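Keep the viewer open and follow each section in turn.

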Amino acid sequence: MADNSYVPPKVWQWDGEGEGKFANINRPVSGPTHDKDMPVGKHPLQLYSLATPNGIKVTVLLEELLALGIEGAEYDAYTINIMEGEQFSSGFVAANPNSKIPALVDHSTNPPTRVFESGAILLYLADKFGAFLPTGANRGECLSWLFWQMGSAPYLGGGFGHFYAYAPEKWEYPINRFTMEVKRQLDVLDKRLAQVPWLAGDEYTIADMATWPWYGALITGEIYGAQEFLDVKSYTHVLRWAQDVEARPAVQRGQRVNRIWGPEEERVPERHDASDLDL
Ligand SMILES: N[C@@H](CCC(=O)N[C@@H](CS)C(=O)NCC(=O)O)C(=O)O
């Protein structure tokens, strides 16, 4: 039954309060709340991030590049604790005016190049190092699935995940709306992955690295605890693909970088050297 008791005012006002997980970090304005510079380590690539689905896209790519022997991909990774509001420091805002992790600063250029938005960072690095971004027939597919992921994930995270897992109450209308969309997206992926091993075709690319932390984690139950609710077992091709991505050593390494929760041995708050990830 719809609850029609709320009538929107003529002009919305922020009362400074909010409910539900993440309410304390949401604000209707942008910009820094405090002065603090970002640390800069010894490598050309400086990453400011957290091991969330958007964050690990980048650390997985960096670990994949290093696994290929590309030394220029060495990086320093610093944790930005978004629950503590560290994304609103002046230093972080200079790297990303949108105050969201991940943010990358490439000091190999003069002046240094800032890159924000996880999809842009993946494209920037894959292009810079000439890897995981096809140059031939699969290029169009790779870019298409990469941008598909960037456009689709907010329905999964901001829509489904928020209302199914984080909102203060379970409201049927938004849960129905976003469940419908997420199941449709899973079906899009399943049909694609029934035809080809990887999203771009016959090679593993940044499109898989972008998509796996969201839809792979959804299917394997690492986010939102919604496997049964979404009947994820029926998306057999997505499941096969998620397991193939997860089995890669660089994926195992990358997802531990900037992790500040979970078992102690899986946490690597800062990464400055390959040995920081050696168990
Ligand atoms: N479209 C952005 C989204 C990034 C994003 O939403 N990051 C979240 C963590 S996964 C964040 O930093 N949230 C902090 C906040 O909203 O204040 C990207 O892909 O980089």
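## The nonpolar core

The largest nonpolar core has 62 residues, and those touching the most other members are Y48, L61, L104, L122, I206, A207 and V238. A nonpolar core here is a set of buried Ala, Val, Leu, Ile, Met, Phe, Trp, Tyr and Cys residues joined through C-beta atoms within 7 Å. A residue is buried if 20 or more other C-beta atoms lie within 10 Å of its own, exposed if 12 or fewer, and partly exposed in between, with C-beta atoms placed from the backbone. Helix α6 (residues 206-220) gives this core its largest share, nine residues. At least three residues of the core come from each of domain 1 (1-132 + 264-279) and domain 2 (139-247).

A word on the basis of all this: the model is predicted, local features need pLDDT of at least 70, side-chain atom pairs count only at pLDDT 80 or more, and totals for chains, interfaces and linings use all residues. Residues are numbered from 1 along each chain as its sequence is written.

## Two helices side by side

Helix α1 (residues 53-67) packs with helix α3 (residues 118-129) at an angle of about 10°, and their axes are 9 Å apart. That angle makes α1 roughly parallel to α3. Angles under 35 degrees count as roughly parallel, over 145 as roughly antiparallel, 65 to 115 as roughly perpendicular and the rest as oblique. Axes are lines fitted to C-alpha atoms, for helices over the stretch in contact, and angles run from 0 to 180 degrees between N-to-C directions. Helices (H or I, at least four residues) and strands (E, at least two) are DSSP runs, numbered from the N terminus.

On the α1 side, the contact is made by N54, K57, V58, L61 and L65, and on the α3 side by S118, I121, L122, L125, A126 and F129. Contact means that C-beta atoms, placed from the backbone, lie within 7 Å.

## How the domains meet

The chain is divided into domain 1 (1-132 + 264-279) and domain 2 (139-247), with bounds from an automatic or database domain assignment. Their C-alpha centres lie 21 Å apart. Domain 1 puts 15 residues into the contact and domain 2 puts in 14 residues. On the side of domain 1 that touches domain 2, α1 and α3 each supply at least two residues.

## The loop between α3 and α4

Two residues of this loop are worth a look. F132 lies in the loop between α3 and α4, and F132 is buried, with 22 other C-beta atoms within 10 Å. Its phi is near 60°, a positive value in a residue other than glycine.

A137 is also found in the loop between α3 and α4 (139-166). Is A137 buried or exposed? A137 is exposed, with 10 other C-beta atoms within 10 Å. A137 and A200 are 63 residues apart in sequence but 9.4 Å apart in space, C-alpha to C-alpha.

## Backbone details to check

Most residues other than glycine have a negative phi, and most peptide bonds are trans. D231, in the loop between α6 and α7 (236-246), has a positive phi of about 50° although it is not a glycine.

The peptide bond from I101 to P102 is cis, with omega near 0°, and P102 sits in the loop between α2 (90-95) and β3 (103-106). Another cis peptide bond joins N110 and P111.

Methods. Two residues are in contact if their C-beta atoms, placed from the backbone, lie within 7 Å.
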